[in-house]
Amino acid sequence: MSAPLTSFTLAEARDKLAAREVSAQELTDAHIEAIASAGALNAFVVDTADRARADAARSDERLGKGDGGMLEGIPVAIKDLFCTEDIASTAGSRILAGFRPPYEATVTANLWREGAVMLGKTNMDEFAMGSSNETSYYGPVCNPWRATGDNRDLVPGGSSGGSAAAVAGELCLGATGTDTGGSIRQPAAFTGIVGLKPTYGRCSRWGTVAFASSLDQAGPMTRTVQDSAIMLGAMAGHDQKDSTSVDVAVPDYEAALERSVKGLRIGIPTEYRIDGTPQEIADLWDQGIAWLKEAGAEIVEVSLPHTKYALPAYYIVAPAEASSNLARYDGVRYGFREDRDDLTEMYEATRAVGFGSEVKRRVLIGTYVLSAGYYDAYYLRAQKVRTLIADDFKKAWDSVDALLTPTTPGAAFGIGEKSDDPVAMYLNDILTVPANMAGLPAISVPAGLSAQGLPLGLQVVGRAFDEETVLQLGRALERAAAFDHRPTPWWRDQA
Amino acid sequence: MSLDKATVARIARLARISVPEEDLQPLAEELSGIFTWIEQLNEVDTDGVVPMTSVVGHALHHREDVVTDGNRQDAVLGNAPESADGYFVVPKVVE
């Protein structure tokens, strides 16, 4: 029996579609079926099967004429942080229940322009605030992976946990994610897939529900580095509707993949060797260093002295921006309202009921650090620390072309295991947050399995707008790691 | 750094989130824990450091100052929990 159509990589599917060996409708139907039998993962919050079939029929017509875009006929899933015209867009929050945007996000519009087929919207931590996908109003997502000999449900990471589970569980060929502090890379590492956070400004933020505007960036989540390169090519580009999207040419990312890494200088930041890092993470990192050395790269020890301050500074900057961005959810213009006779009481009740506890916690932190008398002590200081973090990276670029680190301090953990301790949960992002604070592109590539049989990722961070080198190194690691493990599809028995 | 109940009540009011009285103390303790962790930032010497304003330094685009969108009253009101006669409806605020 040949492999199911859902096992193709995005690149393989693209080539088979172009050669008319498979139709977009067959490919789409196979994915719709896979989604229908994966309810136990809770990866999707909105199913758009009818739309997918219509998209696929149109793609087959175009492919039949020999035209079509970069992603013509490719079934993808969309993180529910992207506004999709006339299709429910919830951001994982009750407060956006029933919201149907009258417009389309630029990133998703770019995907449709290139012919992608929309399967549905994926579950996520509420307003992208979380590292385990447990803060969603629509319930936690289950990681398709389970530890060896253990059938406990594990988190897929977050906040793009639904997208990660959908890609890892072969429910789509690729998915969009967003990354504010690690929300693409950490779930990618936890589910054994590739996740790429582009440079801040590479993808438009227009139409993406805002969490922390100076950090948020959309990116692809796929099963291979090549697939991420293809998908980013479709998502990226300057957009007049986002003044922070940068007007620089989008290169042919796929062409960068097979470039030799010979002679590239790879920095190993000393400060990322954090006390208490499990031995298997340190070993994985050493393995990654050895792989790149064998491929001809030069390994250079570098120092990024302000690394340890990136996460606490993030927990000022991100909540501050979030408290401002989330002020718009007032029960008046869209979504959920808790009726009261008095206007202020209506606002307060709507937000008390509509937001979950993690979102409320962060809005309160943000409100506090921006409040009169505290602004200088917290927000201004954090923005200065951010300058120092960015300067650390700038200095490193004098001697290296990219950095190699682990993506996370450990493998996926159990649902409920860390929910009682916010700071323990925040520490999940300790290795991913610095790239957001400095706006740099970074990729996570599956590189090995933990002793418990769970995937672990390595991260490559590059210079601003140098996604090509990041992808090139990601491809080199992928080739060396030859990570071909797949989760056992236990969820299909539970359909 | 510790936040007391009164401070939590004040910021909850500023954030327009109602917090029941019995939740104020546990929330104060939880937020105090987070702020204690955040305050390791005080170790950093930030004298003379310019605060970050834009992570990717680039000049903003200029565009013609013209209307590019509009006349979409139905779309604007379409998601409102309550609307009437082209307006959003809220509880009465003036007697």
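Here are some notes on this two-chain model, which is predicted.

1. Start with the overall build of chain A. It has 16 helices and eleven strands. Its C-alpha atoms fill a box of roughly 65 × 55 × 50 Å along the principal axes. Buried residues account for 61% of the 495 residues in chain A. On the contact side, take the pairs in chain A with a separation of 6 or more: 77% of those contacts are between residues 24 or more positions apart.

2. Now the sheet in chain A. Eleven strands form an open sheet with mixed pairing, in the order S1-S3-S2-S4-S6-S5-S10-S11-S9-S7-S8. The edges are strand S1 (44-47) and strand S8 (298-302) of chain A, each of which pairs on one side only. On average, neighbouring strands of this sheet are turned by 30° against each other, ignoring direction. As background, strands of a sheet pair through backbone hydrogen bonds, in either a parallel or an antiparallel sense.

3. One pairing to look at within that sheet is S10 with S11. Strand S10 (residues 442-449) of chain A runs antiparallel to strand S11 (residues 455-462) of chain A, and the two share seven bridges. If you want a residue pair to click on, A:Val445 has A:Leu458 in S11(A) as its bridge partner.

4. What does it contain, reading from the N terminus? The elements run α-α-α-β-β, that is, three helices and two strands. For 95 residues, a compact globule would have a radius of gyration near 12 Å, but chain B has 23 Å. The box around its C-alpha atoms is roughly 55 × 45 × 25 Å along the principal axes. Buried residues make up 16% of the 95 residues in chain B.

5. Next, how the two chains meet. In all, 36 residues of chain B are in contact with 56 residues of chain A. On the chain B side, the elements giving two or more residues are helix H1 (5-14) and helix H2 (21-38) of chain B. H2(B) gives the most, with six residues. By type, the chain B residues that touch chain A divide into 25 nonpolar, eight polar and three charged.

6. A few backbone details deserve a check by eye. Most residues other than glycine have a negative phi, and most peptide bonds are trans. Against that background, a cis peptide bond joins A:Gly158 and A:Ser159, with omega about 10°. A:Ser159 sits in the loop between strand S3 (117-122) and helix H5 (161-168) of chain A.

7. The loop between S3 and H5 of chain A also holds A:Ala128. This residue has a positive phi of about 65° although it is not a glycine. Is A:Ala128 buried or exposed? A:Ala128 is buried, because 30 other C-beta atoms lie within 10 Å, and the cut-off for burial is 20 or more.

8. Chain B has a positive phi to check too. B:Asp85 is a residue other than glycine, yet its phi is near 50°. It lies in the loop between strand S1 (83-84) and strand S2 (87-88) of chain B. B:Asp85 counts as exposed because it has 5 C-beta neighbours inside 10 Å, where 12 or fewer is the limit.

Definitions and conventions: Residues are numbered from 1 along each chain as its sequence is written. Chains are lettered from A and ligands numbered from 1 in the order in which they are written. This is a predicted model: local features need pLDDT of at least 70, side-chain atom pairs count only at pLDDT 80 or more; totals for chains, interfaces and linings use all residues. Two residues are in contact if their C-beta atoms, placed from the backbone, lie within 7 Å. Helices (H or I, at least four residues) and strands (E, at least two) are DSSP runs, numbered from the N terminus. Ala, Val, Leu, Ile, Met, Phe, Trp, Tyr, Cys and Pro count as nonpolar, Asp, Glu, Lys and Arg as charged, and the others, Gly among them, as polar. Two strands pair if DSSP finds at least two bridges between them. Axes are lines fitted to C-alpha atoms, for helices over the stretch in contact, and angles run from 0 to 180 degrees between N-to-C directions. The radius of gyration is taken over C-alpha atoms; the globule rule is 2.2 Å times the number of residues to the power 0.38.
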